[in-house]
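Trainee: I would like to learn how to read side-chain contacts in a model. Please take me through them one by one.

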Amino acid sequence: MSRVVVKGGTVVTMEPGQSPQRADVLIEDDKIVAIEPSITADAALIDATNCVVAPGLVDTHRHVWQAGLRGVTADMVLKDYFRSVRFQASPVYRPEDIEVGNLAGMLEAIDAGVTSVLDFSHSISSPDHAEAAIDGTIGSGGRSQFALGFNDVVGQHKSLDTAQGRLQLAESLRKGRLAADDALVTLGIALSDLPEVGLERIRAELEGARRLGLRSTTNALAILFNDPVDDIEVLDGAGLLGPDIVWVHLNYASAEQFRRVVETGGSVSTCPEAEMAMGIGRPATERVLAAGGRCTLGCDVTTSVSGSLLQQARTAMQVGRLLDADERMATGKAPLSVPPSCETMLKAATIWGAEALGQSHRIGSLRPGKQADLIVVRTDAVNTAPMIDPYATLITQAQPSNIDTVVIAGEVRKSGGRLRADWSAVQKRLEQSKEHVARAVAERGGLLPQPALDLPW
């Protein structure tokens, strides 16, 4: 049995009703066994003096495989993201490219204090690509709900041409290497886009996922098709809404649509940086809260924005405050408060994210019996000292460079501000992959070949 004590920090448990406290955290193997002052134990020491100890962050929407395409769509709208990444780059990805992309992308998440990711893996063009993506994820040591993409990929293997073919792949993974629901890497389903494939295919995908006991995630309402489709109303009318769906990019949802998602137990993931950067629209964070829901956060695409979930929380909070103030000022009255609060946004980045993944009984907060997923954040740095309010320090000040230690299932993955992984070796492989992808995309006419591919929105 291994034992570790995280000693001397300000512990923010994110458990209901608990305030930040000066305490130690005792870990045995992969679980937390005690949180109390002055623990004396025969254990390895993690010194958390002048630090905040918090649950590991939970990202509910990230395309992890895209780490090797960093920044290529930084000046592109959503249409050009589809043209360049989905239709030009994704088809040339070999299994080894997606493997190192997932490895690098998960390491980036860990470095930023993200211990759990809902990986919307939508570049699966063959069973070998799925296996490679899982290999990379497992190799990182991070926790992931690997959501197998059901969307079509240009040039995909014929076995994946139908929903039934992709469900067969999901079933083989469910019975094989991703059978366990308590493993670090578990299986989920990333649904196709309803406007592209129609209700009957979505019904087959969603019912297939439920038959396998898997949770699903879907993009909805982000794409303004020439003939608009209300994903929520369509699924509601078909009796398919439920608590096992994470809805992403509900930027154009109405109060009634949010109400139906909340009433049926669904979760909402907002990706504020990407949504604003690519012209998707106003992030929905504060409207989810107004509907009685619990917002969660995702980094989405590092092709356009950062991989820091704290940055997403900060951006979502400040945009919500801006829009609230604008609406009040338009009536001739100054705002009297600035919701949402820093504490609310930390909930969005931790325990509410864990709830969306169906994992709040295991992760998302710190208490004895839960998995030992936690971060130690320095509060004596030039940008974090002095620490007065730990929620404010984490949400408004902290950067990935302030995250001293990351522990996942009791294993230290970052220590002294540095990843334990051999990043130089991963970077070398990532550069080789980048060169292959660049050559192959150039042979296809470049990221944005002309004339531009016509899209139905």
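Trainee: Is Y93 buried or exposed?

Mentor: Buried means under 20% relative accessible area, exposed over 50%, and partly exposed in between, with a 1.4 Å probe and protein chains only. Y93 has 4% relative accessibility, so Y93 counts as buried. W65 is buried as well, at 0%. This is a predicted model, in which local features need pLDDT of at least 70 and side-chain atom pairs count only at pLDDT 80 or more, while totals for chains, interfaces and linings use all residues. Residues are numbered from 1 along each chain as its sequence is written, and side-chain values use heavy atoms, with hydrogens and water left out.

Trainee: How many aromatic pairs are there?

Mentor: Rings of Phe, Tyr and Trp (its six-membered ring) pair if their centres lie within 6.5 Å; planes under 30 degrees apart count as stacked, over 60 as edge-to-face and the rest as tilted. By that rule there are three aromatic pairs. In one of them, the ring centres of W65 and Y93 are 5.0 Å apart and the planes stand at 85°, so the pair is edge-to-face. The pair links distant parts of the chain, 28 residues apart: W65 is in the loop between β6 (57-62) and α1 (78-89), and Y93 in the loop between α1 and α2 (95-111). Helices (H or I, at least four residues) and strands (E, at least two) are DSSP runs, numbered from the N terminus.

Trainee: Which residues do ring pairs link into a cluster?

Mentor: The cluster holds Y81, F82 and F87. Y81 and F82 are both buried.

Trainee: How many salt bridges does a search of the whole structure find?

Mentor: Side chains of opposite charge can pair when their charged atoms come close. A salt bridge is a side-chain nitrogen of Lys or Arg within 4 Å of a carboxyl oxygen of Asp or Glu. The search finds 29. One of them joins R3 and E28, at 3.0 Å from N to O. That pair links strand β1 (residues 3-11), which holds R3, to strand β2 (residues 21-28), which holds E28, and the two residues are 25 apart. R3 is partly exposed, at 26% relative accessibility.

Trainee: Where do E431 and K434 lie?

Mentor: Both are in helix α15 (residues 423-443), three residues apart, which means about one helical turn separates them. E431 is partly exposed at 34%, and K434 is partly exposed at 41%.

Trainee: Which residues are linked in a network of salt bridges?

Mentor: The network links D236, E256, R259, R260 and E263.
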